[in-house]
Amino acid sequence: MIGLLVSEYPDLKRRLAGRLGSADAANEALQDTYVRLQRTEIQDEIRNPRSYLISMAINIASNRIRSEARHLSATDIEELVELPDESPNQERVAEARSDLQAVERALEGLPGRRRAMFRRFWVNNIEYRDIALEFNVSERTVRHELLLATRYLQEATEEIFIPALQKRLSEVSSQ
């Protein structure tokens, strides 16, 4: 098996590079395959040794990718260290409560049934069919009511939030 890996190395590398996305990844996978083959004694007869080698190399590469994904790179750690503190302070909490009150006021502008459906769906996570049964309407009606409620709230809250957002953006861009 090692002899086949060595003799077919260029072709195996080319095939793996196509599957793994780079020649370097293919090269590493084949080197690891070579090391593993030296440590392992294959007991059974292998019908298609080339396919076996390719599968083995792909599995090794996949394991490496999974392993590397579990660990943060130096760049990732550096970025995390430089992240600003996003924990809620008193100002952010007050701002969020004010925003929520604005949304609540906007919700009051909806007809009662539409508002109730909206709350059931978005606040209580109730599915269309359950809302339809509760209000004795079709699921299509529920979807339509939710669409109208969402459009209304988007328009109503744009008037509230857009100026504040523009102010925040201008503060950030002036720094």
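Author: E134 is partly exposed, because its relative accessible area is 41%. Buried means under 20%, exposed over 50%, and partly exposed in between (1.4 Å probe, protein chains only). The model is predicted, so local features need pLDDT of at least 70, side-chain atom pairs count only at pLDDT 80 or more, and totals for chains, interfaces and linings use all residues. Residues are numbered from 1 along each chain as its sequence is written, and side-chain values use heavy atoms, leaving out hydrogens and water.

Now the partner. E134 makes a salt bridge with R120, and their closest N and O atoms are 2.6 Å apart. E134 sits in helix α8 (residues 128-135) and R120 in helix α7, so the bridge ties together parts 14 residues apart in sequence. A salt bridge needs a side-chain nitrogen of Lys or Arg within 4 Å of a carboxyl oxygen of Asp or Glu. Helices are DSSP runs (H or I, at least four residues), numbered from the N terminus. R120 is partly exposed too, at 25% relative accessibility.

R129 and D130 form another salt bridge, at 3.1 Å from N to O. R129 has a relative accessible area of 46%, so R129 is partly exposed. D130 has 32%, so D130 is partly exposed as well. By this rule the structure has 11 salt bridges.

Next, the rings. There are three aromatic pairs in the structure. In one of them, F118 and W122 have ring centres 6.4 Å apart and planes at 45°, so this pair is tilted. Rings of Phe, Tyr and Trp (its six-membered ring) pair if their centres lie within 6.5 Å; planes under 30 degrees apart are stacked, over 60 edge-to-face, and the rest tilted. F118 and W122 are four residues apart in helix α7 (residues 112-122), so about one helical turn separates them. F118 counts as buried, because its relative accessibility is 12%. The rings of F121 and W122 have centres 4.9 Å apart and planes at 90°, so that pair is edge-to-face. Together, F118, F121, W122 and Y128 make one aromatic cluster.

Note on methods: Helix = DSSP H or I, 4+ residues; strand = E, 2+ residues; numbered from the N terminus.
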